[in-house]
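Trainee: I have a structure open on my screen and would like to learn how to read its features. Could we go through some of them together?

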Amino acid sequence: MMRKAFAKSLLEIMDLERENKKNDTYLITGDLGFSVFEPIKERHPDKFINAGISEQNMIGVSAGLALAGKKVFVYSIIPFLLYRPFEQVRNDICYHNLPVRLIGVGAGLAYSDAGSTHLPFEDLKVADAIPNLTILSPSDPKEVEMFMKHLEDFKKPVYMRLAKNEPNIEHGKYSSIKIGKALRLRDGDKILIVSTGIMTRAAMALADMLDNDGGSVEVMEIHTLKPFDYPAIVSAAEGKSLVVTIEDSTGALFDKVASSITGIDSKVLKFSLPDEFVHISGSRDYLLDRYGLTAEKMYEKIKEVIA
Amino acid sequence: MRDLKMKSADELKALSKELRKDLLIKHNESKIAHIGSDLSCLDILIALHFEIMGDDDRFVLSKGHSALALYSVLHKKRIIDDNTYDSLGKDGSRLGEHPLYGTEGIEIATGSLGHGLSVAAGIALSKERNKEKGKVYVLLSDGECQEGSTLEAMNFVGINKIKSLIAIVDSNKWQAFDRTLLGEERIKEEFAAAGWNVVEIDGHDYESIIRVFEAKNEGPLLIVAHTVLGKGVKSMEDRLESHYRPPTKEQIEEFDEEL
Ligand SMILES: [Mg+2]
């Protein structure tokens, strides 16, 4: 439950600030948070703002709060957080390099049955286009909690994409998480899998399947798409015959990985969402399968490539 | 209520003449556009920065195309230094046709319309929730009241009753390619309906400007300032060309003669 992990961590930050008689951290939401933000609203009404259904103003107000010294968390569904108020995100927050944390829910296909208007399949490319913006793409609730600790004193704009109701992966490397650093989740010397967001779960399952065939798979998680940890990916890709990228977005991760290893003699295989609108409704698992993004489908594809 | 200092009003008028001339020359030399909008809001900027605002107050220029008018005021106040000011219009200058990030005295870089009211609302809200002193002043163009984001901010301020926010509309009756499409009456109605106090002033009369800032108000305040595009040079006044064309040498002479 990434949303709940976010809300719980934020509540802890606000509680602690109150004990220390500080008043810095604000939550401003675009009329969302039913069954998630009630404790914040009740315990910290002075630091909670419902901006209502007016996202451009929400982002502008958050910039104003940050200019006045506040640490601001803004929460909405990704298209309404990033696309509707794009220019406010670009000019007011990123141009001024303000410590505003844009927390978007519904990453990738999380709202698969809500239709293309709610599906931010291109969010990573859109966010990547804006200078100064740090992009976080955690894979599970525990990673969200870790990031919330790191964000407490982070001085720059951040976009963090949450999915929806995912359980923890329990990869055991949570304490090694650092913003801007790739996270090695398992070692191997033949194939490198680079994953981001909730696709890390499929990446780990895929690695197990390939290992059973004697594949020896290394898995690197990119939880920070920007700044991108080029050196770590370059050194991980050294000597691998195949590099695989897995993302629930339209190729932002692949572009970065492919461009960082142009000097290395290995095949690169891209698993991503297609560059197209989604015209069908259904569960996320159904759509992921349709786009070939389940561990099983990816395994078959890799077998074809390395055969 | 503070006494109106007549001497002070005279000084402000003298300052207004000085900075008008300064702006005509700057625009003539740099060939930067928007002299008309500079001259329509200059008196409001002077009153705010030399008479009204104190250390606890903050100012947001939402109509970023009047950057040069603000630079002239900030330069006169020694916030922008001579070297920086002299660089205006030259390659490598830190002063843009619209404000750039990092310029002394510029709260937020604007230029795209419809951003300033939200940002000012955020600053004011922070002040109020922290129980800090001071007000936040924001200068809007009449044209930018067409922006949906301005209307979003208008409603946000009304809903949250942000009383420390004072918005001034430079009502010069022009936008980039037309008379204002959303007229002054409609702007006043919209803001009043959203819970603002709406008052009107002559935006070129210092006594009128200062009096309205001194008055007590119950809630967010919108000051509709009646102004004239290109104010001060007859051949530029109330003409769309002065939104684009920099003043000629002849127009600078015309200004001198009219004094
Ligand atoms: Mg106008």
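Mentor: Gladly! Let's begin with a cut-off: a residue is called buried under 20% relative accessible area, exposed over 50%, and partly exposed in between. Please keep in mind that this is a predicted model.

Trainee: Is L100(B) buried, partly exposed or exposed?

Mentor: L100(B) has a relative accessible area of 33%, so it is partly exposed. You can find L100(B) in the loop of chain B between α4 (82-86) and α5 (116-129). Together with Y95(A) and Y101(B), L100(B) forms a nonpolar patch on the surface, and the accessible area of the three is about 280 Å².

Trainee: And which residues form a negative surface patch?

Mentor: For that, we count Asp and Glu as negative. Here the negative patch consists of E250(B), E253(B), E257(B) and E258(B). Take E250(B), which sits in helix α9 (residues 249-258) of chain B. Its relative accessible area is 55%, so E250(B) counts as exposed.

Trainee: What about a buried charge? Which side chain of opposite charge is nearest to D142(B)?

Mentor: The idea to know is that a salt bridge needs a side-chain nitrogen of Lys or Arg within 4 Å of a carboxyl oxygen of Asp or Glu. For the buried D142(B), the nearest side chain of opposite charge is K173(B), 6.0 Å away, and D142(B) has no salt bridge. The side chain of D142(B) does reach the backbone nitrogen of N172(B), at 3.1 Å. On the chain, D142(B) is placed in the loop between β2 (136-141) and α6 (148-159) of chain B.

Trainee: Where is K173(B), then?

Mentor: Look at the loop between β3 (165-171) and β4 (174-175) of chain B. K173(B) is partly exposed, since its relative accessibility is 27%.

Key
Residues numbered from 1 in each chain as written. Chains lettered and ligands numbered in written order. Predicted model: local features only at pLDDT ≥ 70, side-chain atom pairs only at ≥ 80, totals over all residues. Heavy atoms only, no water. Patch = residues over 30% accessible without salt bridge, like charges linked within 9 Å, V, L, I, M, F, W, Y side chains within 5 Å. Areas by Shrake-Rupley, 256 points an atom, 1.4 Å probe, with all protein chains shown as cover. Helix = DSSP H or I, 4+ residues; strand = E, 2+ residues; numbered from the N terminus. Buried < 20%, exposed > 50% of the residue type's maximum accessible area, 1.4 Å probe, protein only. Charge placed at Lys NZ, Arg CZ, Asp CG, Glu CD. Polar contact = N/O pair within 3.5 Å; in protein donor to acceptor, adjacent residues only side chain to side chain.
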